[in-house]
Amino acid sequence: MANVNKLNWGPAAVWSLTVAASLAFWYLEGRGSMMNWILVVSLSLSSFVVGALAGFLFTSYGEEKATVGKVRDWLIGGLTGLTVANAGTIKSILQTFAAGPSPQEFAVVIGVAITYVGIGFFFMFFQRELIWNVLLARSRAERGRVDGTVQAGVITQKLLIALPPSLLSGIDNVADSDTDEAEAEELRKLLYSDDVEEFLKQADDAIRSGSSLDWDVVSKAANLHYFRTYFEKDQRGEQDVLAKEWLLRALLMNPLHADLTAKYADVLGKLESYSEAVAVLEKLYESEEGPTYIQQWLGYFLLFVPNRDDDAIRLSLDYLKRFPGTTDSLFNAACGYAQKYESELENSNRKSIPESENRKQALSLLKQGLQRDPDFRETVRTKWIKLDESFYSLANDLDFLALVASEPSTSARTPNETAPSEKPKSS
């Protein structure tokens, strides 16, 4: 308690002594003359105000730097540019406060002006640094918070736990994941609940009005908008753009946040900005903060970038060696080989090359993937063979058709190839 009292009463005692000393000095300097007393008090208070204004400008903080900081820069420039003529003008002004024409009287005026400018500066400096800036920072932090932040945080955590990992890896819609309809509906209700709607609305209004938001609010809003991209039906494109904006806003505050960086790349993929998505993921993959799954994601996104099929295959197979139990990397590598086979057909101007090594690898990897996930046959058979999809060139291939048949044919040749994909949705 003694230490606290010292901290509280120390500055007050110093300023009390300063005021008492000033009163005594003004009384003595007045020398019984009311005019002398008024002059010295006026000069002292004016100098104190000038010093306090300088202290205020030099301790501008946070949002003030955009406005007050400009005045401070102008003031510094103005002081630097003072000429001898300007100094003479200042001297003339100060002489008007002198009680008489003697040099001693002017010396007193100079001394009073310099002393009280310094007192004013340090008074404002310490008040700002020790008290006002702290209170301002606390006030701005409170303004930066949005009602419902706590509830939004709880819901975000529930979604992170409840949503399947496959949602965060190329699947465009929750319906394409292994989440059953009842569970998906519960998650949708949670994500579009009144608490979340109100939270996101207030966050959006705060941004539109120019208010600053803290990291807690921005990161939660970014996550919620990102999760909504998997559930949005009517305004899918708009939701993707919203998610991108909020994720980018969060990354401007915390550029090294690996999870939000990966989600930002995923949204870029949803917006078909695949080259940008790959650039973001490759940078994250090379950093120490990059999660392991980024390698698998790259194996997926590179399939959409021209002339990067070999890189996609290499990363997918390498990931498969590290994690043999994964299925998505099998599908990704199969798609990479299927796309290389399509390029092979175009370059040779042929409709089929049965002996192609790319064809054999594509079908072989597809077969392994479908053995692990037989239910995926329908997706491969109906979606991956469309124009511009990975297995378009194999749509009429007998070995491929045997692999993706509802009931695998016992008479079919042993396929050395795998089936096409929409593009495989890596997890």
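Let's start at helix H11 (residues 258–270), whose 13 residues reach 19 Å from first C-alpha to last, close to the 18 Å expected at 1.5 Å a residue. That expected span is 1.5 Å times one less than the number of residues in the helix. Helices here are DSSP runs of H or I with at least four residues, strands are runs of E with at least two, and both are numbered from the N terminus. This is a predicted model, in which local features need pLDDT of at least 70 and side-chain atom pairs count only at pLDDT 80 or more, while totals for chains, interfaces and linings use all residues. Residues are numbered from 1 along each chain as its sequence is written, and side-chain values use heavy atoms, with hydrogens and water left out.

Staying with H11 for a moment, the helix is mostly covered, with 12 of its 13 residues buried. Buried means under 20% relative accessible area, exposed means over 50%, and partly exposed is what lies in between, using a 1.4 Å probe and protein chains only. Among the buried residues of H11 are Leu260, Tyr264, Val267 and Leu268, and the list also includes Lys263, Asp266 and Lys270. Just after H11, Glu272 takes a positive phi of about 65°.

Now for the aromatic side chains. A pair of aromatic rings is described by the distance of the centres and the angle of the planes. Rings of Phe, Tyr and Trp (the six-membered ring for Trp) pair if their centres lie within 6.5 Å; planes under 30 degrees apart count as stacked, over 60 as edge-to-face and the rest as tilted. A search of the whole structure finds 14 aromatic pairs. One of them joins Tyr293 and Trp297 in a tilted arrangement, 5.2 Å centre to centre with 50° between the planes. Both residues sit in helix H13, four residues apart, or about one turn of the helix. Is Trp297 buried or exposed? Trp297 is buried, with a relative accessible area of 3%, whereas Tyr293 counts as partly exposed at 26%. Then there are Tyr319 and Phe323: their ring centres are 4.8 Å apart and their planes meet at 40°, so this pair is tilted. Tyr319 counts as buried at 9% relative accessibility, while Phe323 is partly exposed at 35%. Back with Tyr293 and Trp297, these two belong to one aromatic cluster that also holds Tyr274, Tyr300, Phe301 and Phe304.

Rings can have charged neighbours too. A charge sits over a ring if NZ of Lys or CZ of Arg is within 6 Å of the ring centre and within 35 degrees of the ring normal. Arg228 lies over the face of Tyr192, at 4.2 Å from the ring centre, and Arg249 lies over the face of Trp246, at 4.4 Å.

On to the charged pairs. Side chains of opposite charge can pair when their charged atoms come close. The cut-off for a salt bridge is a side-chain nitrogen of Lys or Arg within 4 Å of a carboxyl oxygen of Asp or Glu, and the structure holds 13 of them. Lys201 and Asp205 make one, their closest N and O atoms being 3.0 Å apart. Both partners lie in helix H8 (residues 194–208), four residues apart, about one turn of the helix. Lys201 counts as partly exposed at 48% relative accessibility, and Asp205 is partly exposed at 35%.

Which part of the chain does Arg308 reach with Glu282? Their salt bridge has its closest N and O atoms 2.7 Å apart. This pair links distant parts of the chain, with Arg308 in the loop between helix H13 (293–301) and helix H14 (309–322) and Glu282 in helix H12 (residues 274–286), 26 residues apart. Glu282 counts as partly exposed at 25% relative accessibility. Arg308 also meets Asp311 in a salt bridge, at 2.6 Å from N to O, and Asp311 is partly exposed at 23%. Arg359 is buried, with a relative accessible area of 7%. Arg359 and Leu394 are 35 residues apart in sequence and 8.4 Å apart in space, C-alpha to C-alpha.
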